[in-house]
Amino acid sequence: MIRPDNATEYPDIDLKLGIKSSLPNVKATLALLVLLWRVSNKTATLEYCEEEENGVKLTDDLTSKLHALLRTECDESVCTFDTFDGLIKNNQMLKSQLEALIVAFELVWKLAKIRFSDEKKPSSAERTGGKRFAKRLSFTINMDLLDVVFQNETDEYTKVLLKWIGVNIEANPEYELSLLRILTVFSESAVYKLSDGDKEVVFNLKSLYSKLITSAAEVDINGDNEAKGPLRVLKSSLSEKMNPFLGYKDGRVSLTSDGDDIKHYSERVDAYLSLSTSKIKGYQDATEELAAIADEIDMSEYDFAAKIIRDYISETGYEFDVSEADLSSLYTDFNERFSPDKLAAIPDDELLKTIFYTADSTNDSLCYWLEFHTQNKKCFGSIAGGSSFKFGLFQKKDEGTWITGSPTKPEELTPAQALQVGRDIRDIIVKGAAIIKSYGAADSLDVYEKLDDELSAVLGKYGQLQWIHKYYCMVFPSLFATWHSYDWQYHILYAYGIKPSGKYYARSGQLSMIANRAKLSGPAFAHASFDKFGNIKHFCRLGTTEGTSGESLFPTWRTEKIAAIGWNGLGSLSDYQMDGDLVKKAVAEKLGELYYQTDARTASRKAGELVTFFKTNSDTVFVAMNGEQLLSLGDKIGAYYFDESQVFAHCKSVAWHDCFQTDERLPQKSEAILTSCHDLSAEENLLFLYHKYYYEISDEGAIEMNEEEKEIAMTPRVNPLHPLNQIIYGAPGTGKTYSSIEYAMAIIENRPVDLTAQTREQRQALMTKYSEAVTAGRVVFTTFHQSYGYEEFVQGIRPDAKAGTISFKKVDGVFKTIADTAKRDPGNNYVIIIDEINRGNISKIFGELITLIEEDKRCGELNQLTVTLPMGEKFSVPNNLYIIGTMNSADKSISLIDTALRRRFGFVEMAPNESLIGDSVLRGVLFALNTYIRKELRSTDLLIGHAYFIGKSADDLGSIMNNSIIPLLYEYFYDDEAKVKKALDCLADTDFVIDTAYRGRIRITKKG
């Protein structure tokens, strides 16, 4: 008789709660995953991509199958294969790191397991270097559940998936909602973690439902530290409105309705989770499990750090120029002289001269070997600098007097007293060595921190002396690193993404753990790390907003490659220097005189900010910010200069780098929030910024040279989701300018335009993103008028009054400014919105640009062109700059606009849409009115837009008609009162009639 085997025991799930990988465009990612399963005959496993150069591409077979599927749903006029291939190429299944995909596919929605095709590669292999590897999918039964949902309406659901990927195809909202509901069900068992003060909160969606149902307030899921792992994916999915029950804005979650549906659904979720038979590691018994998870995360971070340095050595060919044999010889020579046993055996008459500096100035003492021995200093780290007080005991050369204490409180000793102090120092060093030896091979932070505690108890006041740390490094080279200063230990650990211990020897142990995992000697590891990370970095917050106007100056700084600070009335800061340093007191006094006459404390504080700015150098990284918003990182900081033509006149040259998402904030958002220039010091902020600086900025994000100095490599567009040039046109009040914001943000975010009706909260969220894009210089808004010219748009000259004389300077216009910015940032899209584009003199404003803006003439395209501007500068228009114009068709029909403009732009009609009007009476009035106008004028250019009626009620009809609509009708019908009256037949089913008692132009009044 055949009977079943025992059920398979599966390993606990690694929740990936600590990884930093993000996953934007979640809908598009999941949509491609589902489509790949469906076109591959619903297989169990699938090798879906193959490697090319540093990236991956979809296999040719799957590409062909997706093409066939696409053609079953739409023809080439809706989406070409080239457009579709561009969407697939930019899908996160081919762009994101494996670990981010693991979080989404396995931990949140449980649709598939995903691994590298090469099973020998660790899941962290894509964390650094930007390289991507071939991957394999193993699908779960959740795909079968989706298949059941799809069975009777496969085409409808396929349209939804194609829409999510980015195809401009209509999809039924009911089927989209249905798909979102089942994906939400799949995600109910997912687990997330956030920091709440000194606690870690592990929660699921049920936790959010319960809190929101019982509380009227929104729930914050930002936490107090940087979001990691599944929490990042949750925030991305909520921002894409993937949970029908939850709204989301700026890290705060709310319910989309307060009815019984969510209450009953939450109860069903609770029942389902209570019946789960498998425990998820890190969810049940969360308090006990979190410590274990944290330990795993910490240890994996050391392995990750080791991989970083090994990869760097492999990629760059870096070699440490001291051989292992020579290092071994140096260790041996040192320990033959100064090992703990040797120190313990030194007789009293030789003790002081063997260990400390003496008046004899010999180069054989322990202190000399540690500080000045050439090879020792090179290989094992420097402790140079300061005075001999750092050794706790020394003998003056000229007087022969023994000294201890500190530079501010020196203490003279007799020879006998000096010998006793020397013995004490020697004895504690030897005792400390015995403690270290008893620990053997320490290999965890807990062990190192325990060791530090025991050493501190023995070493006492000598426990933080760098020379003693270096001594232990020479005696126990596999246990301690060759960085002996606090600042260097913190710098290297931050650079590797590891939170430094608060204990001196434990931090050294953290660094040693990386070296050991990288299979590098301490000296080789230290030199390779310095080669990769360079000197200690100081991250300096730099405010970008001009106080009186609230205007962000960063777009100008970015273009001109400068950083600046205000208080121009001080004149040049060079006038306040002494011995190369800025004298804070002198600056504060002048600030008090000019700006803060009754507030000396503020004057002193602001003087400190100016000193901070003045002291910044090549090891400083500016963090450009607008309030809490992160804009850019700036390095390669040049010398100070004073430029009174700038809004902020105190300037330095800077290379700016783009690496922030528009909604990213510092983990500790409040640090230095109200300062103009301040060194950041909060640990979580430094970990976040170090990671951004060393791992997320690229050469493409840097603005370093002008057009003549550097040829910017632009490539042809592979994802033409949007036309480069388009004009939104329509009758008055149809929402052209209103809609231009959505068009612009769709381009910035590389997604299809969504013109569905928005709630007030949704519109506010969109406007917040738009404002951030404007602040970052990625969107510019301008309005054409009859006086607008080439000088304002492209380039001109303006008077520059200096020293009583008039001179002229070249000034770039709004278009050239954003074009130059976009050209230096080819990885992002930029948008210029031109309102009322038909009201300007097109040939006068655009000049030679009318040719350059053509799609195939753009920089990066096949037929790219460059022109010489009137002032001699070479100029081209990049293919990542999009132009959106708006025009009122009541002013000029599109058939009458400039022919050159019409040929180069696509036109999108914004027609009146009565369905957007909430009041049924007003809907009827607009429909009847437009029906008459269209019939009488035989044109749609002069229809009435719905914007006049949005948010209004039937009681407002009188003011709408009298103040807005009737004056338009007089204009449309050339003051023909009979036709205006006829048009007002649209009021037949309302409470309003023409006011026959009024003697002026026609107006309406309420009946009775």
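Q: Is Glu301 buried or exposed in this predicted model?
A: Let's start with a single side chain in this predicted model. Glu301 has a relative accessible area of 16%. The cut-off for buried is under 20%, so Glu301 counts as buried.

Q: Which helix holds Glu301, and which residues does Glu301 contact beyond its neighbours within four places in sequence?
A: Look along residues 286-316, the stretch that forms helix 12, and you'll find Glu301 there. Setting aside the neighbours within four places in sequence, the contacts of Glu301 are Gly497 and Ile498.

Q: How many helices and strands does the protein have?
A: Let's step back to the whole chain for a moment. Of the 1008 residues in the protein, 51% are buried. Among contacts with a separation of 6 or more, 67% join residues 24 or more positions apart. As for the elements themselves, the protein has 37 helices and 35 strands.

Q: How are helix 1 and helix 2 oriented to each other?
A: Two packed helices are described by the angle between their axes and the distance between the axes. Here the axes of helix 1 (residues 26-39) and helix 2 (residues 60-73) come within 10 Å and cross at roughly 95°. Angles of 65 to 115 degrees count as roughly perpendicular, so helix 1 and helix 2 are roughly perpendicular to each other.

Q: How many nonpolar, polar and charged residues make up the contact of helix 1 with helix 2?
A: Helix 1 brings Leu32, Leu35, Leu36 and Val39 to the contact, and helix 2 brings Leu62, Lys65, Leu66 and Leu69. Lys counts as charged, while Leu and Val count as nonpolar. The contact of helix 1 with helix 2 therefore divides into 7 nonpolar, no polar and 1 charged.

Q: How does helix 6 run relative to helix 8?
A: The axes of helix 6 (residues 142-150) and helix 8 (residues 173-186) come within 11 Å, crossing at roughly 155°. An angle over 145 degrees counts as roughly antiparallel. That makes helix 6, relative to helix 8, roughly antiparallel.

Q: What is the handedness of the crossing of helix 6 and helix 8, and how do the residues of their contact divide by class?
A: The crossing of helix 6 and helix 8 is right-handed. Asn142, Leu145, Leu146, Val149 and Phe150 of helix 6 meet Ser178, Leu179, Ile182 and Phe186 of helix 8. By class, the residues of this contact of helix 6 with helix 8 come to 7 nonpolar, 2 polar and no charged.

Q: How many charged residues are in the contact of helix 9 with helix 11?
A: Helix 9 (residues 205-214) and helix 11 (residues 260-274) have axes that come within 10 Å and cross at roughly 145°, and the crossing is left-handed. Lys206, Tyr209, Ser210 and Ile213 of helix 9 touch Ile262, Lys263, Tyr265, Ser266, Val269, Asp270 and Leu273 of helix 11. Sorted by class, the contact of helix 9 with helix 11 has 6 nonpolar and 2 polar residues, and the charged ones number 3.

Q: Which residue is 8.8 Å from Ile565, C-alpha to C-alpha?
A: Ile565 is found in strand 15 and counts as buried at 2% relative accessibility. Not counting residues up to four places away in sequence, Ile565 touches several others, among them Glu609, Phe613, His650 and Cys677. The residue 82 positions away in sequence and 8.8 Å away in space, C-alpha to C-alpha, is Val647.

Q: Is Lys561 buried or exposed?
A: Lys561 sits in the loop between helix 24 (554-560) and strand 15 (562-565). Its phi is near 60°, a positive value in a residue other than glycine. With 16% relative accessibility, Lys561 counts as buried.

Q: Is Lys636 buried or exposed?
A: Lys636 also isn't a glycine, and its phi is positive at about 55°. You'll find Lys636 in the loop between strand 19 (629-635) and strand 20 (640-642). At 51% relative accessibility, Lys636 counts as exposed.

Q: What distance separates the C-alpha atoms of Pro826 and Leu881?
A: Pro826 lies in the loop between helix 31 (814-823) and strand 29 (830-835). At 30% relative accessibility, Pro826 counts as partly exposed. Pro826 and Leu881 are 55 residues apart along the chain, and their C-alpha atoms are separated by 9.4 Å.

Q: How many disulfides does the count come to?
A: A disulfide is a covalent bond between the sulfur atoms of two cysteines. Cys49 counts as buried at 5% relative accessibility, and Cys651 counts as buried at 0%. With sulfur atoms needing to be within 2.5 Å, the number of disulfides comes to 0.

Technical notes: Residues numbered from 1 in each chain as written. Predicted model: local features only at pLDDT ≥ 70, side-chain atom pairs only at ≥ 80, totals over all residues. Heavy atoms only, no water. Axes fitted to C-alpha atoms, helices over the stretch in contact; angles between N-to-C directions. Helix = DSSP H or I, 4+ residues; strand = E, 2+ residues; numbered from the N terminus. Parallel < 35°, antiparallel > 145°, perpendicular 65-115°, else oblique. Left-handed = near helix turned anticlockwise from the far one by under 90°. Contact = heavy atoms within 4.5 Å. Buried < 20%, exposed > 50% of the residue type's maximum accessible area, 1.4 Å probe, protein only.
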